[in-house]
Amino acid sequence: MSHIILASTSSARRQILENAGLSFDAMAPMVDEEALKLGLEQENLSPRDLADALAEAKALKISAKHPTALVLGADQVLAIDDGQLLSKAESPEQAREQLKMLSGKSHRLFSALVAAAAGIPVWRHVGVVRLLVRPLSDEFIDEYVDRNWDQIRYCVGCYQIEGEGAQLFTKIEGDHFDIMGMPLLPLLAFLRERKEIAS
């Protein structure tokens, strides 16, 4: 069995893998995400391909240093149906603006996962979830951000579906794990196929 490394310090991703019974280490990939994202956006990649490229960059960065491990890199990209992409909010004020932009609209969340071994991608998956945000009042947005900023500052779209963020939506089409940033079921199928876990 390979030593598995999660190229992420996301507590939600770690929790999902731990709850599924996987043994792994977690490491920060130390990738300048914003610079990388800007460069990739100039290549006019689709939101799906952008998420995939960011996840691959993280997996490869750690895999280069740990060539005998199976490294998992993950990333998410949020695209509003008008084509606009959102990144993680950098301040409560920006979170409020983003939630106003999402209010009453649907968006897609692309959740990419890439596995790398010996510095080479060996598997990839991008899950897509469509989410419809209900019309949000300014009062709700202000109170929601005030209560949840410490948690949502790390989340694209400013929500944690497992928490109060569930209140934002009227409809969700897709996999719960994809929303949380870890396409778990396809990953488990891949690990069983590689005989990394029991089938």
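With which residue does lysine 58 form a salt bridge? In this predicted model, the partner of lysine 58 is aspartate 75, and the closest N and O atoms of the pair are 2.7 Å apart. Because lysine 58 belongs to helix α3 (residues 47-65) and aspartate 75 to strand β3 (residues 70-80), the contact ties together parts that are 17 residues apart in sequence. Both lysine 58 and aspartate 75 are buried.

The salt bridges in the model come to 11. One of them brings together the side chains of aspartate 81 and arginine 130, with an N to O distance of 2.7 Å. This pair links distant parts of the chain, given that aspartate 81 sits in the loop between β3 and β4 (85-86) and arginine 130 in strand β6 (residues 120-133), 49 residues apart. Aspartate 81 is partly exposed, at a relative accessible area of 40%, and arginine 130 is likewise partly exposed, at 33%.

A further salt bridge connects aspartate 146 with arginine 96, for which the closest N and O atoms are 2.6 Å apart. Since aspartate 146 lies in helix α5 and arginine 96 in helix α4, this pair ties together parts that are 50 residues apart in sequence. Aspartate 146 is exposed, with a relative accessible area of 56%, whereas arginine 96 counts as buried at 17% relative accessibility.

A bend of about 50° occurs in α5 at aspartate 146. The buried residues of this helix are Phe140, Ile141, Tyr144, Val145, Asn148, Trp149 and Ile152, and what covers them includes α4 (92-102). As regards the spacing of such positions, an α-helix has 3.6 residues a turn, so residues three or four places apart point the same way.

The cysteines were examined for disulfides, of which the count comes to 0. The sulfur of cysteine 155 has its closest cysteine sulfur in cysteine 158, at 8.1 Å, which is too far for a bond because a disulfide requires sulfur atoms within 2.5 Å. Cysteine 158 is accordingly in no disulfide, the nearest cysteine sulfur being that of cysteine 155. Cysteine 155 counts as buried at 14% relative accessibility, and cysteine 158 counts as buried at 0%.

Definitions and conventions
Residues are numbered from 1 along each chain as its sequence is written. This is a predicted model: local features need pLDDT of at least 70, side-chain atom pairs count only at pLDDT 80 or more; totals for chains, interfaces and linings use all residues. Side-chain values use heavy atoms; hydrogens and water are left out. The bend at a residue is the angle between axes fitted to the seven residues ending there and the seven starting there. Helices (H or I, at least four residues) and strands (E, at least two) are DSSP runs, numbered from the N terminus. Buried means under 20% relative accessible area, exposed over 50%, partly exposed in between (1.4 Å probe, protein chains only). Contact means heavy atoms within 4.5 Å. A salt bridge is a side-chain nitrogen of Lys or Arg within 4 Å of a carboxyl oxygen of Asp or Glu.
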